[in-house]
Amino acid sequence: MQYNSTSDLTENAELIKRIKSAIVDVPDYPKKGIMFKDITGLFASHQLFKDTIQALASEAVSKLGFKPDYVAGIEARGFIIGTALADELGIGFVPIRKAGKLPRDVVSESYELEYGKASIELQRDAMPQGSRVLIADDLLATGGTSSAAEKLIRKQGSKPIGFAFVIALSGFASRNILKLPIFKIVEY
Ligand code: AMP
């Protein structure tokens with residue numbers, strides 16, 4: 001598929017409607033006060049998932065003006081979005097994992113969660129240094145996870161060039177920690 005024009009707004013409005021009706025809101029999960037967006041219904045629909053990935057690929061490439069070298073997906077739902085996106089773009093995929101899961105030499109980055117800290121890791125030789133990398137996850141909330149992923153890719157010696165999400169939640173002040181372009185399909 002060619003990604004040389006901005007996506008059709010009418011088609012996107014239709015897609016946004018379909019995605020929204022596939023998402024289930026789960027109140028107070030995993031903690032009280034969090035409205036969890038369950039997107040397993042999106043993964044279960046072959047056509048909807050395919051259309052979503054194509055729209056995200058088109059959005060990213062038409063706005064970037066070039067194809068990235070790799071997609072890096074954040075564990076775990078970022079693996080599902082990221083591998084499909086990499087396949088659609090015809091490029092490689094690299095996994096960003098929670099600490100302690102990758103078997104060889106890694107670069108690590110720690111970041112603050114609502115309560116406590118977490119670390120993510122990337123295999124040092126996951127891709128050639130200097131690669132242009134699109135970071136993928138299912139959902140953007142505070143931006144903390146994505147910001148740590150961006151730092152991790154820089155530590156590995158590659159170049160983060162943007163973020164791709166199916167869903168972006170607005171209303172998080174800390175969102176402005178992400179300085180690179182954000183590509184998204186649905187916003188709440
Ligand atoms: P953040 O670092 O705050 O941007 O959170 C993003 C990460 O947490 C993503 O990997 C999401 O899958 C997950 N996440 C955060 N908030 C939600 C939510 N309301 N529903 C589903 N997943 C969420």
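Analyst: On a 1 Å grid over the protein atoms alone, a pocket is an open set of points with protein on both sides within 12 Å along at least five of seven lines, and its lining residues have an atom within 4 Å of a point. This model is predicted, with local features needing pLDDT of at least 70 and side-chain atom pairs pLDDT 80 or more, while totals for chains, interfaces and linings use all residues. Numbering starts from 1 along each chain, and side-chain values use heavy atoms, without hydrogens or water.

User: Which element gives the largest share of the lining of the largest pocket?

Analyst: Altogether 35 residues line this pocket, and Arg77, Leu113, Leu139, Ala141 and Thr145 lie nearest its centre. Elements giving two or more residues include strand E2 (35-38), strand E4 (92-98) and helix H5 (144-156). With 4 residues, the largest share comes from E7.

User: Which space does the ligand take?

Analyst: Around the ligand there are 13 residues (a heavy atom within 4 Å), and Arg77, Asp137, Asp138, Thr142 and Thr145 come nearest. E2, E7 and H5 each supply at least two residues of this shell. The space that the ligand takes is the largest pocket.

User: How far is a polar side-chain atom of Thr142 from an oxygen atom of the ligand?

Analyst: Let's go through some polar contacts (N or O pairs within 3.5 Å). A nitrogen atom of the ligand is 2.9 Å from a polar backbone atom of Met35, and a polar side-chain atom of Asp138 is 2.7 Å from a ligand oxygen atom. For the polar side-chain atom of Thr142, the distance to an oxygen atom of the ligand is 2.5 Å.

Definitions and conventions: On a 1 Å grid over the protein atoms alone, a cavity is a set of points where a 1.4 Å probe fits but cannot get out, and a pocket is an open set with protein on both sides within 12 Å along at least five of seven lines; lining residues have an atom within 4 Å of a point. A polar contact is a pair of N or O atoms within 3.5 Å; within protein, one must be able to donate a hydrogen and the other to accept it, and residues adjacent in sequence count only if both atoms are side-chain atoms. A molecule sits in a cavity or pocket if more than half of its atoms lie within 2 Å of its grid points.
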